[in-house]
Amino acid sequence: MSPSDGPVRSPLRYPGGKSRVVKLFEAYFPEHSDYREIFAGGAAVFFRKPRAKRNWLNDLHPGLCALYVAIRDHFTEFAELCREQKGDLRGRFNYWAFERRDLMAATGDDLLVQRAVQYYFLNRTVWGGRVVFDPKRTSRLYFSNPEGWSNLEKKLAHLSQISARLAGVRITCHGYEKCLAGATEDTFIYADPPYYRESAGHLTDKLYDKSFGVECHRHLAEALASASAKVMVSYDDCPAVRELYRGWRLVELQWKYCGRYAVTNEAKARGQKERKVTGNELLILNYSP
Ligand SMILES: C[S@@+](CC[C@H](N)C(=O)[O-])C[C@H]1O[C@@H](n2cnc3c(N)ncnc32)[C@H](O)[C@@H]1O
């Protein structure tokens, strides 16, 4: 195994990210030579498991995809621009979040390294890593985690490992549907869509750049059911999800959510302590591990 094949931590703070719990998934990885992570986000599973012969990361977020491509193909330039982000960090934040909104509309290879640094800087410094660009609600990009930009050289050393890990990996930025084409029984598809309950409560677009409604969950289940691949889906455990994946193998898992609290703001004001909520989750498989 070469050093670039071993497990590394995801470089991102990611809403719904699986970095803390990916160990629980390991027992369920099937044999495969072709790996596709179709809702990549922080790509915790890809970074954890041994690299396959062919690897594909996909996500709809253009800034996130620009980051992965820049780290893979333009690491030196990316690191130099990161090093220039110093001094007045709040000023740097305002620059990337508000003055350079033009970058947020760019796609493909256009202004790639700048978009990558913009995404990475904001991911480290906003609340919960939520890099969500909504012109009507700019307050969502709130500079709440300045310490997220400290120890930059240590972060860059980690990102250089990530760069090696991404060498030869296909990175795309489109809807997940296109990633199902050409799959075979040697393909392992991992899908980590937005939580069902967030969509049912119309909250998904607060967590991610694009919304994923209840209908989208149904389309996803149908598309995955017809894919000729080994498929693993991770989801919040709720009756609607169990219904969508009836007949699949369901593995029940539990973990403490990061940053989710069982008390309301009113309760907090009354002095009640915040505590993390335990989440009931499902791993959904169409194969026997
Ligand atoms: C739960 S997060 C994935 C978290 C990831 N597993 C991790 O460990 O960080 C869901 C991701 O799906 C992406 N997404 C939402 N709708 C999508 C779609 N239709 N096609 C592809 N990606 C989509 C979001 O941008 C978000 O990054």
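A crossing counts as left-handed if the near helix is turned anticlockwise from the far one by less than a right angle, and as right-handed if clockwise. I noted that first, for the helix pair below.

I am reading a predicted model, where local features need pLDDT of at least 70, side-chain atom pairs count only at pLDDT 80 or more, and totals for chains, interfaces and linings use all residues. Residues are numbered from 1 along each chain as its sequence is written.

**Helices.** I looked up helix 5 (residues 89-99) and helix 7 (residues 112-125). Helices are DSSP runs of H or I, at least four residues, and strands are runs of E, at least two, numbered from the N terminus. The axes of helix 5 and helix 7 come within 10 Å and cross at roughly 120 degrees. Axes are lines fitted to C-alpha atoms over the stretch in contact, and angles run from 0 to 180 degrees between N-to-C directions. The crossing of helix 5 and helix 7 is left-handed.

**Strands.** Next I traced the pairing, which takes at least two DSSP bridges between two strands. Strand 1 (residues 34-37) runs parallel to strand 2 (residues 54-58), with four bridges. Glu37 has Leu57 as its bridge partner in strand 2. Leu57 in turn is partnered by Ile171 in strand 3. Strand 2 and strand 3 (residues 170-172) are parallel too, over three bridges. I then found strand 4 (residues 187-191) paired with strand 5 in the parallel sense over four bridges. There, Ala191 stands opposite Val233.

**Ligand.** Which residues are closest to the ligand? I found Gly16, Gly17, Gly41, Gly42 and Ala44, among 22 residues that surround the ligand (C-beta atom, placed from the backbone, within 6 Å).
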